[in-house]
Protein chains: 2
Amino acid sequence: MSKGIKDKVAIIGMGCTKFGELWDKSAEDLMVDAFKEAIKDAGIEAKDIQAAWQGNHYTEVNIGHSALPSSTTLKLPFIPVTHVENFCASGSEAFRGACYAVASGACDIALAIGVEKLKDLGYAGLPDARHVMTLGTLYRIIWPNHTGPGAFAMMATRYFDRYRLDPREGKRILAHISVKSHHNGSLNPKAHLRREITVEDVLKAPIVAWPLGLLDSCGVSDGAAAAIIVRAELAKNFRPDPIYVKALQIAADSGESLMYSQYDYTHVEPTYRAAIKAYEEASIKNPREEISMMEVHDCFSITELITYEDLLISPRGKAREDVESGFFELGGKIPCQPSGGLKCFGHPIGATGIRMLYEIYKQLQGKAEARQVEDPKIGLTHNIGGFPTRAVASVTLVGLQ
Amino acid sequence: MSKGIKDKVAIIGMGCTKFGELWDKSAEDLMVDAFKEAIKDAGIEAKDIQAAWQGNHYTEVNIGHSALPSSTTLKLPFIPVTHVENFCASGSEAFRGACYAVASGACDIALAIGVEKLKDLGYAGLPDARHVMTLGTLYRIIWPNHTGPGAFAMMATRYFDRYRLDPREGKRILAHISVKSHHNGSLNPKAHLRREITVEDVLKAPIVAWPLGLLDSCGVSDGAAAAIIVRAELAKNFRPDPIYVKALQIAADSGESLMYSQYDYTHVEPTYRAAIKAYEEASIKNPREEISMMEVHDCFSITELITYEDLLISPRGKAREDVESGFFELGGKIPCQPSGGLKCFGHPIGATGIRMLYEIYKQLQGKAEARQVEDPKIGLTHNIGGFPTRAVASVTLVGLQ
């Protein structure tokens, strides 16, 4: 049996733009900014890159289909550049493509880059005409006619019911998750939303889809992020503190459980499946003890709560206890969203997976400034695409050697 | 330095639908048909597959974005499935993704599948509103306002001029290419266009963009193709005659030569770059002697002529001599398009790269029936995306061990 790619590849440079409403920058501008920071950080030049993967979802209104926009924008002549897309996990897929290429021996130095301009798209999470076209035939037939907030809100009501949480109490627990992320985001110069909020603010915010309100929802932003990946044995030629890939797993749901109405609406099965495999690949026996910090896919506060359990950090139904004890706060046992998360960065689809890795990379190198987690060893990123009922999820583990 | 993936992976099963105007089949139907043939051919079941890559370009009007449509359609629960796209080389990218994953050690058995319904799209090679949206910002600015036929026709006129070919003579040489492909296609039950044509037919056909006429142009078809890839050392556990990947190279043009008006319009630089690297990876010193047969990207007859030279099979300006001597015909030294090529299969974008491999795979196994090439050892597939001025090109070499 294959054993995965543990310790076969390492990250030697990363770049990330400031995220936000970047009306004065094109998708190409953002790619160039993230790319330049990444190659400078790695101490290489553009010509050293042997292959590249770009993650982008709404290509039509961003950089366009194919590899050619990246190839042109980044001036990468005649190397292979590949466009990958997997809904909200598109950035993670770009990273995965580059890692596999290097681990396979096809090349020594590869680029993963992700970008999305959501503001230009007029994105509001609603299935308007453009989205319906994007989603294709199958989705028009089998997807319930609900929005992103509506679908995740159903997880919250079902979670409250299953674990006997009074809805007001449940909403207060979810509010703590947003308050924690906003605190971290307020310390991060690259975040979109940089202000502290209180539990009261969250509870008083307009409702989007009950029980989720405006401050339970991630922002809508533009941004780009990039990573330079090399064969592990070469990594120390470039820098003393490369970050090694310990596991990289993706799982996609084929929807069978939904079709047979077996879905419990209190977990995301692909997250759980990807996590199990990632821990096995990285030889992690007890994630609650061994993971130092996480960046997870908090498109909504309930998504983060459920992810604590799907990742086997909190026992089923017990994540609320960890929220209340401060387990996931910056000074806690496993800081979650030290960057501020999607809550404060928004979710430029193609960029997010790599943006999460950027935070973990800087944390492991001790360069996270006011957000620095104490002595981290292993970081986890988790990125999901799709709806609770039908998702693709990636779990990546990285660490110092 | 990395040495590529030569002999690290093998193909143990392939499937391919009949190509054509398949109004009664959806993209999902075609995927299922190609997939079922592939797993049956490999002697495995769907549950044996550990990861998958899907190639599709016009996702909006086909299966939709992300991996979820494939995951659902093929009933592949909880394995990673990834959508890759690189214009007309999207099928080759799906194959490359699966090969890298297996070669990296991430998995043992992977699926590559490509599909496209071009007929449903109303595709005519014209930059209508839908295409312009697909192509994105950069293309709207830098691409000349020309069609596919128009762009490739410019290669023909420039080629005739550069190599002192009287245009009538040039058009006759191009006609021989189409006549040869139609002969092969007439022998292939999976081809879309299955009739012999004559040089006269080609010369009398309506002009699309002078000198290219209707019979210099590939058809517009629907279709799907699939491949099962395993680690090379496992391949003989599945079948006695697996086909090994000897080289797999892609090159993308960043457009710098065009911007500085240095483009000669008589070659496609990424094809040449990918070919050089592929021959090096496969340790091929003299491609004209060592390649047994080829499936190349004949979107137009001139593309095939120029590709003979870009692949270093014919010397520059001399491909016409090889066309006239029958070098590329079924009984010739290097049969080109034994399947009938894009000319007879059309070019369902996401499927083509894998459909080409299907022909080579069957030929190497001695199963090409009336089209069988005598005792082939090494086959080449070549797939380009984009325009002559700005292209991504893949060159893949496969062979018996």
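Predicted model: local features only at pLDDT ≥ 70, side-chain atom pairs only at ≥ 80, totals over all residues.
## The interface

Contact between the chains involves 63 residues of chain B and 63 residues of chain A. On the chain B side, the elements that give two or more residues are helix 2 (68-73), strand 3 (81-85), helix 3 (90-104), helix 5 (129-142), strand 8 (243-252), helix 10 (269-281), strand 10 (378-387) and strand 11 (390-399). Helix 5 of chain B gives the most, with seven residues. By residue class, the side of chain B that touches chain A divides into 28 nonpolar, 24 polar and 11 charged residues.

Why can the copies be said to meet through the same surface? The reason is that 100% of the interface residues of chain B are also interface residues in chain A.

Strand pairing also takes place between the chains. Strand 3 of chain A (residues 81-85) pairs with strand 3 of chain B in the antiparallel sense, over three bridges. In this pairing, A:Val84 has B:Val84 as its bridge partner.

## The fold of chain A

The secondary structure of chain A consists of 15 helices and 11 strands. Its C-alpha trace spans about 60 × 45 × 45 Å along the principal axes. The radius of gyration of chain A is 20 Å, which agrees with the value near 21 Å that a compact globule of 401 residues would have. Of these 401 residues, 66% count as buried. Contacts in chain A between residues at least 6 apart in sequence join, in 77% of cases, residues at least 24 apart.

Helix 1 of chain B covers residues 27-42, 16 residues in number, and reaches 23 Å from its first C-alpha to its last. This span is close to the 22 Å expected at 1.5 Å a residue. The helix is mostly covered, with 12 of its 16 residues buried. Among the buried residues are the nonpolar B:Leu30, B:Met31, B:Val32, B:Phe35 and B:Ile39, and the charged B:Glu28, B:Asp33 and B:Asp41. Just after the helix, B:Gly43 takes a positive phi of about 70 degrees.

Strand 1 of chain B (residues 9-16) has eight of its eight residues buried, so it is largely enclosed by the rest of the structure. Strand 1 runs antiparallel to strand 7 (residues 222-231) of chain B, to which seven bridges join it; here B:Ile11 has B:Ile229 as its bridge partner. Strand 1 also runs antiparallel to strand 8 of chain B, with two bridges between them, and B:Ala10 stands opposite B:Tyr244 in strand 8.

## Local backbone features

Each chain has a cis peptide bond between Trp210 and Pro211.

| Residue or bond | Feature | Angle |
|---|---|---|
| A:Trp210 to A:Pro211 | cis peptide bond | omega about 5 degrees |
| B:Trp210 to B:Pro211 | cis peptide bond | omega near 5 degrees |
| A:Arg164 | positive phi | phi near 55 degrees |
| B:Tyr265 | positive phi | phi near 65 degrees |

A:Pro211 is found in the loop between strand 5 (207-209) and strand 6 (212-213) of chain A. B:Pro211 lies in the loop between strand 5 (207-209) and strand 6 (212-213) of chain B.

A:Arg164 belongs to the loop between helix 6 (148-162) and helix 7 (167-186) of chain A. A:Arg164 counts as exposed because it has 9 C-beta neighbours inside 10 Å. B:Tyr265 is placed in the loop between helix 9 (256-259) and helix 10 of chain B. With 18 other C-beta atoms within 10 Å, B:Tyr265 is partly exposed.

Technical notes
Residues numbered from 1 in each chain as written. Chains lettered and ligands numbered in written order. Contact = placed C-beta atoms within 7 Å. Helix = DSSP H or I, 4+ residues; strand = E, 2+ residues; numbered from the N terminus. Pairing = 2+ DSSP bridges. Rg over C-alpha atoms; globule rule 2.2 N^0.38 Å. Buried ≥ 20, exposed ≤ 12 C-beta atoms within 10 Å, placed from the backbone. Expected span 1.5 Å × (residues − 1).
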